[in-house]
Every structure is written in C-alpha cells, then in structure tokens.
Amino acid sequence: RSGSVTGVQTCALPICLMSMLQADPANALLRRQCVDVAASLGKFDVVTHLAESALTANSADAGAHFDMATGLIGNREYRAALAVLEKLEQLVGESVPIQLNMALCHYCLVEFDRARPRLECCYRSGSRDSGLVRLLVSTYHHLGAMEDAVKVAGENAEIAASDGALAGVYALLYLDTDDAARATRWAKLALELNPKSIDGRVTQATLLTAGMQLDSARQMFEGVLMDVPDTGRAWIGLGALSLLTRDLTTAKIQISRGLELMPTHIGSWHVLAWAQLLSGDLDAACSTFETALAADRNFAESHGGLGVIAAMRGDKTRF
C-alpha cells in the first residue's frame with residue numbers, strides 16, 4: 001500500500017472525516033480521530049491501513065506503531081501484534097499500555113506464563129484499570145495461582161462492582177476456590193450488569209447443579225453454548241449433568257469436547273475419568289487419571305482415583 005489514506009478500507013468511516021484527512025494527510029489530530037472512530041466501529045482493517053500510511057511517512061511514529069498493534073489485536077492477529085509491540089518497546093521503552101497489550105496477546109495465545117510478568121509489572125506500577133485486573137486475576141486462575149488471584153480480587157472488589165466482565169471472572173474464581181457464597185454473590189452481580197455474561201452464567205449453572213436443580217442448570221449451560229459454542233466449561237457442565245443422570249455415553253462425549261477446549265483443567269480430566277470408570281472401562285479411566293496426575297501431582301483426587309482403580313483390580317501394590 002502507498003501512504004494514501006484513500007481506499008476501500010477507509011470507506012466505512014464517516015465521509016466527512018475521510019475527506020478532511022485526504023485533503024490534509026499530515027494532520028495528526030485528524031488522523032487520530034479517524035483511528036479512534038474506526039476502532040470504535042470495529043473496523044480494524046481501517047486502523048491498520050491508517051497506521052501503515054502514517055508509518056510510511058515516518059517509520060519512527062510511536063503512535064502509529066501502537067495503532068498498528070491495536071488493529072492487529074482487533075483482527076486477532078496476536079503474534080503479529082506482539083512483533084509490532086516489541087519494536088515499539090525498543091523505540092520508546094516500557095510503558096503500561098504497551099505491557100498491557102503485550103500481556104493481552106500472550107493471554108489470547110494461551111501463553112499465561114508469559115502474560116503474568118507483564119501484568120504484574122503493570123499492577124505494581126499502580127494501575128488499577130478493570131481490564132488489567134480482569135486479565136491478571138484470570139491469568140492467575142489459569143495458572144492455578146489461586147491465592148494470588150483471590151488476593152488481587154479482594155483488593156479490587158470496588159472496581160468489579162460496576163464491571164460485569166470482571167464480576168464474572170471473580171464469580172468463576174470463587175467457584176473454583178470452593179467459596180460458594182462469594183461465587184453466588186459475584187455471579188448474581190455479573191448477571192445484573194450483563195445478563196449475557198458467560199462467566200456469570202457458567203458459575204450460576206454450576207451452582208444450580210450442586211443444588212440439584214438439574215433442569216435449570218442444563219438450560220443455562222445450553223444457553224451459553226448457543227451464544228458461544230466453544231465455551232469449554234459449559235461442555236464440562238453438561239457432561240457433569242449427564243453423569244448425574246447416568247447417561248454415561250453422552251457424558252463422555254460432552255466432557256471430551258470440553259477438554260479439547262480447555263486441556264489444562266485438571267478437574268475436568270477427573271470428571272471424564274469417573275465417567276469412564278462408571279462405564280466399566282478401567283483402562284481408559286486409569287489412563288485419564290494418569291494424564292491428570294502427570295499435569296499436576298498435587299491433586300489428591302488423581303491419586304485417589306488411581307487407588308480406586310487399583311483396588312477394583314485387586315492390585316495391592318498400588319494402594
């Protein structure tokens with residue numbers, strides 16, 4: 001592409017803005033307005049096009065580099081965005097916005113161990129943006145650093161009180177740390193702020209399952225999957241419901257689908273193993289428990305499950 005701001009990529013913006021920018025392409029303030037409008041409309045191809053035009057004129061334009069990364073993130077090109085942000089960091093040094101966007105890219109690439117230090121750096125700097133807190137708590141959660149996650153959540157309860165996405169993250173965290181009271185409270189708040197909250201609905205449906213309100217739980221899990229079919233925890237939730245109703249074949253299919261989407265969730269491997277065990281497939285159950293154990297040796301249920309299988313086989317050397 002040339003440095004021109006004309007082209008099909010820009011036609012989605014208000015004509016008056018583009019006409020003005022075409023007449024005055026060196027107007028940085030006007031370009032900024034065009035970029036902001038394009039981003040607000042979700043026209044990230046336009047954002048990258050405008051950034052490229054600016055970089056053609058000045059390859060050291062830090063703002064244009066940042067805009068390029070923003071456009072790439074919006075288009076889910078996270079690896080490419082990281083490359084741009086790394087160059088920008090070399091150009092201007094570390095900053096919270098750069099660190100946060102790099103952490104977001106790593107998070108979206110399921111590289112939680114790489115997202116963590118950048119998020120912690122932003123948090124130590126004093127930043128308390130709800131997006132940062134949400135990413136940090138969720139990253140700790142994914143890494144199994146539950147004490148750290150609960151600590152940050154506790155320090156930032158007020159922020160989450162008006163942010164549905166963050167409230168949902170808190171709900172899921174407290175669910176997985178066996179704090180049903182807090183999980184219930186945050187799920188309720190998440191759904192009040194955003195009735196479509198995925199985390200809020202998953203948490204609520206899991207709590208309904210625990211309360212044996214199985215029909216309501218199933219409807220909620222199915223509603224989540226209608227909106228976001230790749231929600232691993234909803235598949236696991238449906239699998240658990242099928243397990244409770246002794247539909248073992250369906251349970252194994254649903255849980256396996258969930259594990260395809262979230263293969264590091266140890267508890268879900270346990271649920272699959274029990275479904276296999278109850279089906280009488282001891283070899284499969286043993287293999288699944290061993291997979292869970294290899295991933296993290298600190299879960300007692302992995303050892304316990306293998307002990308149950310050894311007892312069923314009469315293998316006294318293993319228990």
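Visitor: How do H18 and H19 lie to each other, roughly parallel or roughly antiparallel?

Guide: H18 and H19 are roughly antiparallel to each other, a label for angles over 145 degrees. The model is predicted, with local features needing pLDDT of at least 70 and side-chain atom pairs counting only at pLDDT 80 or more, while totals for chains, interfaces and linings use all residues. Residues are numbered from 1 along each chain as its sequence is written, and side-chain values use heavy atoms, leaving out hydrogens and water.

Visitor: At what angle do the axes of H18 and H19 cross?

Guide: Roughly 155 degrees, and the axes of H18 (residues 282-295) and H19 (residues 300-313) come within 9 Å. Axes are lines fitted to C-alpha atoms over the stretch in contact, with angles from 0 to 180 degrees between N-to-C directions. Helices are DSSP runs (H or I) of at least four residues, numbered from the N terminus.

Visitor: Which residues of H18 meet H19?

Guide: Among them are Leu282, Phe289 and Leu293. Residues in H19 that they meet include Leu306 and Ile309.

Visitor: New topic. Is leucine 248 buried or exposed?

Guide: Buried, because its relative accessibility is 13% and the cut-off is under 20% relative accessible area (1.4 Å probe, protein chains only). Leucine 248 is in helix H16 (residues 248-261).

Visitor: What is leucine 248 in contact with?

Guide: Leaving aside neighbours within four places in sequence, leucine 248 is in contact with Leu243, Ala275, Leu278 and Ser279. Contact means heavy atoms within 4.5 Å.

Visitor: And which residues are buried in H4?

Guide: They include Ala64, Met68 and Leu72. Helices H2, H3, H5 and H6 are included in what covers the buried residues of H4.

Terms used:
Helix = DSSP H or I, 4+ residues; strand = E, 2+ residues; numbered from the N terminus. Parallel < 35°, antiparallel > 145°, perpendicular 65-115°, else oblique. Buried < 20%, exposed > 50% of the residue type's maximum accessible area, 1.4 Å probe, protein only.
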